[in-house]
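Dear colleague,

Please find below the structure that I was asked to pass on to you. My notes on it follow directly after.

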Amino acid sequence: MYLLNKYIYAKFIYMEILACPKCQSNSIVKSGIIKDRQRFLCKKCNYYFTVNKLGKKIDSYYVTKALQLYLEGLSFREIERIIGVSHVTVSNWVKEYKVTKPNHTDYHPTYKIYNHIELVEFLKNKEQLKGAGMIITELGDKFMLIKWARFKD
Ligand SMILES: [Zn+2]
């Protein structure tokens with residue numbers, strides 16, 4: 001997990017600031033000047049746009065969280081619900097960063113969002129720490145706890 005995160009962070013250093021307004025891809029090239037404005041072409045969906053129509057850049061923080069959740073076995077729609085980025089975009093990121101998740105067959109993740117006090121309360125109960133393990137990850141001003149439960153044979 002640690003190595004993987006390092007790999008993902010290393011890629012972000014080279015991420016372009018421009019994003020396509022249509023597909024949010026960063027594969028953008030300059031494509032002439034139209035009426036004194038720089039025009040760009042998205043190499044992914046072939047959409048032309050000018051600087052007045054810049055795509056909103058999604059913070060790499062959310063890309064990391066989305067890929068992390070994907071690796072933990074959550075579906076694109078679950079990820080959409082949690083971080084508020086469309087499942088299509090999440091699916092594009094998975095392709096863009098060539099993330100392949102291992103098959104989760106003998107355990108499945110459950111996730112909960114807690115604020116700090118709720119998280120402390122949850123962890124007070126030692127029984128909650130038993131089982132197949134968990135990770136806690138910061139999510140805005142809250143925390144997400146992903147816990148694995150093993151399927152019983
Ligand atoms: Zn595009």
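Of the contacts in the protein chain with a separation of 6 or more, 48% are between residues 24 or more positions apart; two residues are in contact if their C-beta atoms, placed from the backbone, lie within 7 Å. Please note that this is a predicted model, in which local features need pLDDT of at least 70 and side-chain atom pairs count only at pLDDT 80 or more, while totals for chains, interfaces and linings use all residues. Residues are numbered from 1 along each chain as its sequence is written.

The protein chain has five helices and six strands, in the sequence order α-β-β-β-α-α-α-β-α-β-β. Helices (H or I, at least four residues) and strands (E, at least two) are DSSP runs, numbered from the N terminus.

Helix packing

Helix α2 (residues 60-71) packs against helix α3 (residues 76-83) at an angle of about 140 degrees, and their axes are 10 Å apart. Axes are lines fitted to C-alpha atoms, for helices over the stretch in contact, and angles run from 0 to 180 degrees between N-to-C directions. The two helices, α2 and α3, are therefore oblique to each other (under 35 degrees is roughly parallel, over 145 roughly antiparallel, 65 to 115 roughly perpendicular and the rest oblique). On the α2 side the contact is made by Y62, K65, A66, L69 and Y70, and on the α3 side by I79, I82 and I83.

The axes of α3 and α4 come within 8 Å and cross at roughly 115 degrees, which means that α3 is roughly perpendicular to α4. Here F76, R77, I79 and E80 of α3 meet H87, V90 and S91 of α4.

Nonpolar cores

Of the 153 residues of the protein chain, 13% count as buried, that is, with 20 or more other C-beta atoms within 10 Å of their own C-beta atom, placed from the backbone. A nonpolar core is a set of buried Ala, Val, Leu, Ile, Met, Phe, Trp, Tyr and Cys residues joined through C-beta atoms within 7 Å. The largest such core has nine residues: V63, A66, L67, L69, Y70, L74, I79, V90 and W93. Two or more residues of this core come from each of α2 and α4 (87-96), and α2 gives the most, with five residues. Leaving aside residues up to four places away in sequence, W93 touches V63, A66 and L67. Another core, of five residues, lies apart from this one and includes I28, F40, C42 and F49.

Yours sincerely

Methods. Buried ≥ 20, exposed ≤ 12 C-beta atoms within 10 Å, placed from the backbone.
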